[in-house]
Amino acid sequence: MTDLIIAVFLISGAAFMLLAALGILRLPDLPTRMHSSTKAGAMGAMLIMVGVVIGFAEWLALARGLAIVLFIMATTPIAAHAIGRAGYIIGVPLWDGTIKDELRENYDTRTHGLRSDAADQDEPRL
């Protein structure tokens, strides 16, 4: 029974990784590819780690698996944000079907800075 549970976690993790790879190949622009690779890729890695932890069934494996999952959860969104912002700054074109570009009116191409509504307020923020 344990082998079946391990197999379910490993296969579902591999399926999420496959979906992430297909998303990178099939999606039209950097933000959507990045979304696919970070969300599905992180979920796939975490499911595989759960399968590995169950397979080893040791406290050390549990500690290492938990540390790896927490590391993935902490670094994936930060890396995706950094890659997305870098792509926007260097001018990677968006897909023609993109409906909304919220950065366009707030992004200064000269200084590469973003203007926020909070900075325009005269009142101090708490």
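Which residues line the second largest pocket?

## The second largest pocket

The model is predicted. In it, the second largest pocket is lined by Met34, His35, Thr38, Lys39, Ala42, Met43, Met46, Ile72, Met73, Thr76, Pro77 and Ala80. Two elements, H2 and H3, each give two or more residues to this lining. H2 gives the most, with seven residues.

The pocket holds about 230 Å³ of space. By class, its lining has eight nonpolar residues, three polar and one charged. Lys39 is part of this lining, and so are the methionines Met34, Met43, Met46 and Met73.

## The largest pocket

The largest pocket has a volume of about 520 Å³. Its lining is made up of 26 residues. Pro31, Tyr88, Leu94, Asp101 and Leu103 are the ones that lie nearest the centre of this pocket.

What is the make-up of this lining by class? There are 13 nonpolar residues, seven polar and six charged.

## Helices at the pockets

Helix H2 spans 30–56 and helix H3 spans 59–90. Each supplies at least two residues of the lining of the largest pocket.

Terms used. Residues are numbered from 1 along each chain as its sequence is written. This is a predicted model: local features need pLDDT of at least 70, side-chain atom pairs count only at pLDDT 80 or more; totals for chains, interfaces and linings use all residues. Side-chain values use heavy atoms; hydrogens and water are left out. On a 1 Å grid over the protein atoms alone, a cavity is a set of points where a 1.4 Å probe fits but cannot get out, and a pocket is an open set with protein on both sides within 12 Å along at least five of seven lines; lining residues have an atom within 4 Å of a point. Grid points are joined across faces, edges and corners, and a volume is the space filled by probe spheres set on the points. Helices (H or I, at least four residues) and strands (E, at least two) are DSSP runs, numbered from the N terminus. Ala, Val, Leu, Ile, Met, Phe, Trp, Tyr, Cys and Pro count as nonpolar, Asp, Glu, Lys and Arg as charged, and the others, Gly among them, as polar.
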